[in-house]
Amino acid sequence: MEIREKGSEFLREELRRAQKELQLKDAECARLCRIREQLERELEELTASLFEEAHKMVREANTKQAASEKQLKEARGKIDMLQAEVTALKTLVITSTPASPNRELHPQLLSPTKAGPRKMHARHKSTSSAPCPALCPAAGQGLAQDKEGREVDMTLFAEFQAWRAAPTLDKACPFLDRVYREDVGPCLDFTMHELSALVRGAVEDNTLTIEPVASHMQPNTRAAAVEGSHTSTCALSGLTSPCRHRIRLGDSESHYYISASSRARITAVCNFFTYIRYIQQGLVRQDVEPMFWEVMRLRKEMSLAKLGFFLQEA
């Protein structure tokens, strides 16, 4: 009995020890479960935070991309607007009317600087049909050379001085008759005579418009191919040449594509007519000698353009 009691006591002790160990293990398991649950929650929160941050970065990137595309579109619009303004200004310089001269582009329109006030020339009321006055035999005497050493053709100077006394656009005037015969006529004498006559009439009436050909279309498009077929032959010379400009006569909707050489010749004649219209309207406030040399310069430009000497556009 004693041995049995000792065995039972030992077993009870072992049972208590095992139960205690099980309680410790249960507590450890519970602690580990809590740690696992905490880690899972932190992992879920981190994953959600990462996804939210990723979505935020994507939204910011999309916003920046949209803003960049908007700025690019606005920049392209500004570039197109500036190009259109430059084109309009170029056209205005070529086709401007004497009623609105650009004094910065035409320094000869500015009054010369002198010490005292100068009486301005009164506007003449002569029209293009007014008769040209007779030449003054004594006109231009003593002006064989100017201050820069240029020799003056006394006949040309006398004709211009007589014309300036009563400016007119009448071709019968000796001054204009000579310019028509020696410069305007040959400069506007193109291979296509019928169109040349129309161009000359439009230049005389100040109703000719020169504008650049639109070049924004892609060369691979069908429209660009059609445009290229219209701009490969000059309507005035009939020669195959790159035509970056076109002309329009009066209120007509028809356009004629012209080469750089034809444009230079037309422009030179337009510049001459613009200047003499300025003089006729009293907008040029200079002495007769500077006016004469400006007219000679414009005649020189017509002669050079007629011979094919002109500034090539970039």
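Among contacts in the chain (heavy atoms within 4.5 Å) between residues at least 6 apart in sequence, 68% join residues at least 24 apart. The model is a predicted one, in which local features need pLDDT of at least 70 and side-chain atom pairs count only at pLDDT 80 or more, whereas totals for chains, interfaces and linings use all residues. Residues are numbered from 1 along each chain as its sequence is written, and side-chain values use heavy atoms, with hydrogens and water left out. Of the 314 residues of the chain, 30% count as buried, where buried means under 20% relative accessible area, exposed over 50% and partly exposed in between, with a 1.4 Å probe and protein chains only.

The secondary structure comprises seven helices and three strands, taken as DSSP runs numbered from the N terminus (H or I of at least four residues for helices, E of at least two for strands). Along the sequence these elements follow the pattern α-α-α-α-β-α-β-β-α-α.

The strands form an open sheet in the order S1-S2-S3 with antiparallel pairing, two strands being paired if DSSP finds at least two bridges between them. Strand S1 (208–212) and strand S3 (256–258) each have a single partner strand and stand at the edges, so one side of each is left without a neighbour in the sheet. Direction ignored, neighbouring strands of this sheet are turned by 30° against each other on average. Five bridges link S1 to strand S2 (residues 245–249) in the antiparallel sense; Ile210 has Ile247 of S2 as its bridge partner, and Thr209 stands opposite Arg248 in S2. S2 and S3, which run antiparallel, are joined by three bridges, with Arg246 standing opposite Tyr257 in S3. These two strands form a hairpin with six residues between them, and Gly250 in the turn has a positive phi of about 60°.

Helix H6 (residues 260–280) and helix H7 (residues 288–306) pack at an angle of about 165°, with their axes 8 Å apart; axes are lines fitted to C-alpha atoms, for helices over the stretch in contact, and angles run from 0 to 180 degrees between N-to-C directions. H6 and H7 are therefore roughly antiparallel to each other (angles under 35 degrees count as roughly parallel, over 145 as roughly antiparallel, 65 to 115 as roughly perpendicular and the rest as oblique). Residues making this contact include Ala264, Phe272 and Ile279 of H6 and Met291, Leu298 and Ala305 of H7. By class, the contact of H6 with H7 has 11 nonpolar, one polar and four charged residues, where Ala, Val, Leu, Ile, Met, Phe, Trp, Tyr, Cys and Pro count as nonpolar, Asp, Glu, Lys and Arg as charged, and the others, Gly among them, as polar.

Helix H2 (residues 154–165) packs with H7 at an angle of about 115°, with the axes 10 Å apart, and H2 and H7 are therefore roughly perpendicular to each other. Among the residues in this contact are Leu156, Phe157 and Phe160 of H2 and Val288, Phe292 and Val295 of H7; by class, eight are nonpolar, one is polar and three are charged.

Gly308 lies in the segment after H7 and, at 37% relative accessibility, counts as partly exposed.
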